[in-house]
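Please read it alongside the sequence and the coordinates.

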Amino acid sequence: QAIPVITIDGPGGSGKGTIAGLLASRLGWNLLDSGALYRLLAFAAQNHGVSLTNEEALEALAAHLDVQFVAGDDAREQHIILEGEEVTRAIRTEAAGAGASQVAALPAVRAALLQRQRAFREAPGLVADGRDMGTVVFADAQLKVYLTASAEERAGRRHRQLLEKGEAANLASLLDEIVARDDRDMNRSVAPLRPAEDAILIDSTQMDIEEVLEMVHKEAQKRD
Ligand code: C5P
């Protein structure tokens, strides 16, 4: 019997990371934040002076990426350690997201990260969030969710998050960055962002986290 997987794909800021974290802790399952791997790779590349367009060097870096995910007290946050250094917050900036989306468009990089992602599939189950979890990495998942929200709503959420953390934020430029990243993720030739044919679509524009979590959890129970 295959180990069950629930995939949650969607654009940046749709809330998929939050929902995946909460769902994994509710079910007692493992969690894969696949976007973090692309963010980490872009981050490591910068540390090592590797250009974000050097596919061969990035492929090698991806194959040997020294990273650990350590569960935190709060189910929503795992501590992420890159080459011995905690980078949990450093990789969350919109600049790191843009770098991630640049390296994520390279086929050799995606191939190099494939096995690493599949290795997260351990008993009793896995909740995986990203862009191609349901379409490529775990195409046999029991439940596939495609979570979206309007770009304006997503920019607004990011904006509020940043202000809450006491960081500077500009709503108009956040919206521009989100639209640019959506465009790159949806229009690349390998594993573009799109719903799997058998995914359920949830638009969270008018929903809060609890409502989305309940909806996904109900769908998961139906497939038990
Ligand atoms: O989800 P997150 O915003 O952390 O992802 C950062 C970037 O990594 C995305 O914009 C996308 O380009 C890339 N990514 C991907 N495939 C995934 C997860 C993330 O291409 N499964």
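Strands β3 and β4 (residues 78-82) pair in the antiparallel sense over five bridges; helices (H or I, at least four residues) and strands (E, at least two) are DSSP runs numbered from the N terminus, and two strands pair if DSSP finds at least two bridges between them. Within this pairing, Gln68 stands opposite Ile81 in β4. The two strands belong to an open sheet of three strands with the order β3-β4-β5 and antiparallel pairing. Its edge strands are β3 (67-71) and β5 (85-86), each of which pairs on one side only.

The model is predicted: local features need pLDDT of at least 70, side-chain atom pairs count only at pLDDT 80 or more, and totals for chains, interfaces and linings use all residues. Residues are numbered from 1 along each chain as its sequence is written.

**Parallel strands**

Parallel pairing links β1 to β6 through five bridges and β1 to β7 through four bridges. Four bridges also join β7 to β8 (residues 200-203), again in parallel. Individual bridge partners are listed below.

| Residue | Bridge partner | Strand of the partner |
|---|---|---|
| Val5 | Leu126 | β6 |
| Ile6 | Leu143 | β7 |
| Ile8 | Val145 | β7 |
| Thr148 | Asp203 | β8 |

Strand β1 is largely enclosed by the rest of the structure, because five of its five residues are buried. A residue is buried if 20 or more other C-beta atoms lie within 10 Å of its own, exposed if 12 or fewer, and partly exposed in between, with C-beta atoms placed from the backbone. From β1, Val5, Thr7 and Asp9 point one way and Ile6 and Ile8 the other way, and all are buried. Strand β7 is likewise mostly covered, with six of its six residues buried. On one side of β7 lie Leu143, Val145 and Leu147, and on the other Lys144, Tyr146 and Thr148; all are buried, and both faces are covered.

**Nonpolar cores**

In soluble globular proteins, nonpolar side chains tend to be buried together. Here a nonpolar core is a set of buried Ala, Val, Leu, Ile, Met, Phe, Trp, Tyr and Cys residues joined through C-beta atoms within 7 Å. The largest such core has 27 residues, and those with the most contacts inside it are Ile6, Ile8, Ile19, Leu23, Val127, Ala128 and Val145. Two or more residues each are given to this core by β1 (5-9), α1 (16-27), β2 (30-33), β6 (126-130), α6 (133-137), β7 (143-148) and α9 (209-222). Helix α1 provides the largest share, five residues. Leu23 touches Ile6, Val127, Leu213, Val216 and His217, not counting residues up to four places away in sequence; contact means that the C-beta atoms of two residues, placed from the backbone, lie within 7 Å. Apart from this core lies another, of 24 residues, which includes Tyr38, Leu41, Ala45 and Ile80.

**Surroundings of the ligand**

Around the ligand there are 15 residues, of which Gly35, Tyr38, Ser101, Ala104 and Gly130 come nearest; a residue is near a molecule if its C-beta atom, placed from the backbone, lies within 6 Å of it. Helices α2 (34-47), α4 (94-103) and α8 (171-187) each supply at least two residues of this shell. The most, four residues, come from α2. By type, the shell divides into four nonpolar, six polar and five charged residues. For this count, Ala, Val, Leu, Ile, Met, Phe, Trp, Tyr, Cys and Pro are nonpolar, Asp, Glu, Lys and Arg are charged, and the others, Gly among them, are polar.

Arg184 is placed in helix α8. This residue counts as partly exposed because it has 16 C-beta neighbours inside 10 Å. Not counting residues up to four places away in sequence, Arg184 touches Ser101 and Ala105. Although Arg184 and Ala105 are 79 residues apart along the chain, their C-alpha atoms are separated by 8.0 Å.

**Recorded binding site**

An unreviewed UniProt entry lists Gly10, Pro11, Gly12, Gly13, Ser14, Gly15, Lys16, Gly17 and Thr18 under "binding site". UniProt positions are given in the numbering used here, feature names are shortened, and annotations may be inferred rather than shown by experiment.

Lys16 lies in helix α1. With 30 other C-beta atoms within 10 Å, Lys16 is buried. Leaving aside neighbours within four places in sequence, Lys16 is in contact with Ile8, Asp9, Gly10, Asp129 and Leu147. Thr18 is also placed in helix α1, but Thr18 counts as partly exposed, with 19 C-beta neighbours inside 10 Å.
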